[in-house]
Amino acid sequence: MTRAPARQLVQLGAGDLADRLTEALHVYVTAMGYPVSTARYRRTLWLEHVRRQGWRAVGWLDTTGVLVGIAYGYSGGPSQWWYEEVRRGLATATPEAQRWLHDYFELTELHVRPDVQGHGLGEAMLRALLHGAPNSRVLLSTPEYGPNPPGRAWRLYRRMGFQDVLRDHRFTGDARPFAVLGRSLPLDPPSSLVH
Ligand SMILES: CC(C)(COP(=O)(O)OP(=O)(O)OC[C@H]1O[C@@H](n2cnc3c(N)ncnc32)[C@H](O)[C@@H]1OP(=O)(O)O)[C@@H](O)C(=O)NCCC(=O)NCCS
């Protein structure tokens, strides 16, 4: 009996992401429910991120080789927009809380195409991306869930041990409240990482 081909969790290099940028941005806009036009504006930014120190990415390929999940991040630090926005939010925090901004990996993007969500693909990407990251901790930002029950992203982050760094934070140029969450590294790898 032949086994059906399985989805593959793969590490993506800078060239891989550039080659698959249209696919990756399609995963991003469908997962986030954004208009397709958003992808156009993100192309330049994602390609600029590839050049940042510590950049790494992973993805899921379906059985036909199409990208259905994408995650990437890099080492955060002064002069990056996100670092400065979080630093502003932590300006009046305790010195202990401000230590979150030392030696961290910024989890910038984590998305699974809606039709394959809820099967553990996001968790596997998170583990694969963070396993082997040289930083002491990981930080991310995610929209607040407000009066609704926490959604899948929040459930994943809490399950993975992410704690509150900032709540109801406003990033410049975005009216929505965000949470900044973090946890220490390392994190155990998934069982299915394909090199
Ligand atoms: C957030 C997101 C990346 C999570 O990825 P995912 O693959 O859907 O979710 P997970 O890896 O957490 O899957 C776990 C779910 O699958 C189920 N599951 C099924 N089989 C599983 C397995 N073998 N291993 C782990 N979980 C499994 C779990 O019960 C769990 O269900 P629950 O979330 O209802 O509790 C994805 O839902 C997404 O792209 N959402 C929209 C975009 C977004 O919000 N991105 C984050 C922005 S900050």
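Trainee: How do you know that the ligand sits in the largest pocket?

Mentor: This is a predicted model, and the call rests on a simple test: a molecule sits in a pocket if more than half of its atoms lie within 2 Å of the pocket's grid points. The ligand is placed in the largest pocket, so it passes that test.

Trainee: What is the volume of the largest pocket, and which residues are closest to its centre?

Mentor: The volume is about 1,400 Å³. Of the 50 residues that line this pocket, Met-32, Glu-109, His-111, Ser-141 and Pro-143 are the closest to its centre. Elements giving two or more residues to the lining include α3 (37-49) and α4 (81-89). By class, the lining holds 23 nonpolar, 15 polar and twelve charged residues.

Trainee: Which residues come nearest to the ligand?

Mentor: Out of 20 residues around the ligand, the nearest are Val-112, Gly-118, Gly-122, Glu-123 and Arg-152. That shell divides into eight nonpolar, eight polar and four charged residues.

Trainee: Which element gives the most to the shell around the ligand?

Mentor: That is α7, with six residues. Helix α7 spans 152-159, and α2 (21-32), β4 (104-112), α6 (121-130) and β5 (137-143) also supply at least two residues each.

Trainee: How much of the ligand's accessible area does the protein cover?

Mentor: The protein covers 70% of the 950 Å² that the ligand has on its own.

Trainee: Why is the phi of Ser-79 worth a remark?

Mentor: Most residues other than glycine have a negative phi. Ser-79 is not a glycine, yet its phi is positive, near 80°. You will find Ser-79 in the loop between β3 (67-75) and α4.

Trainee: Which peptide bond is cis, and where is Pro-186?

Mentor: The cis bond joins Leu-185 and Pro-186, with omega about 15°. Most peptide bonds are trans. Pro-186 is in the loop between β7 (177-184) and β8 (193-194).

Methods:
Residues numbered from 1 in each chain as written. Predicted model: local features only at pLDDT ≥ 70, side-chain atom pairs only at ≥ 80, totals over all residues. Heavy atoms only, no water. Near = heavy atom within 4 Å. Areas by Shrake-Rupley, 256 points an atom, 1.4 Å probe, with all protein chains shown as cover. 1 Å grid on protein atoms, 1.4 Å probe; cavity = no way out; pocket = protein on both sides within 12 Å on 5 of 7 lines; lining within 4 Å. Helix = DSSP H or I, 4+ residues; strand = E, 2+ residues; numbered from the N terminus. Nonpolar A, V, L, I, M, F, W, Y, C, P; charged D, E, K, R; others polar. Points joined across faces, edges and corners; volume = space filled by probe spheres on them.
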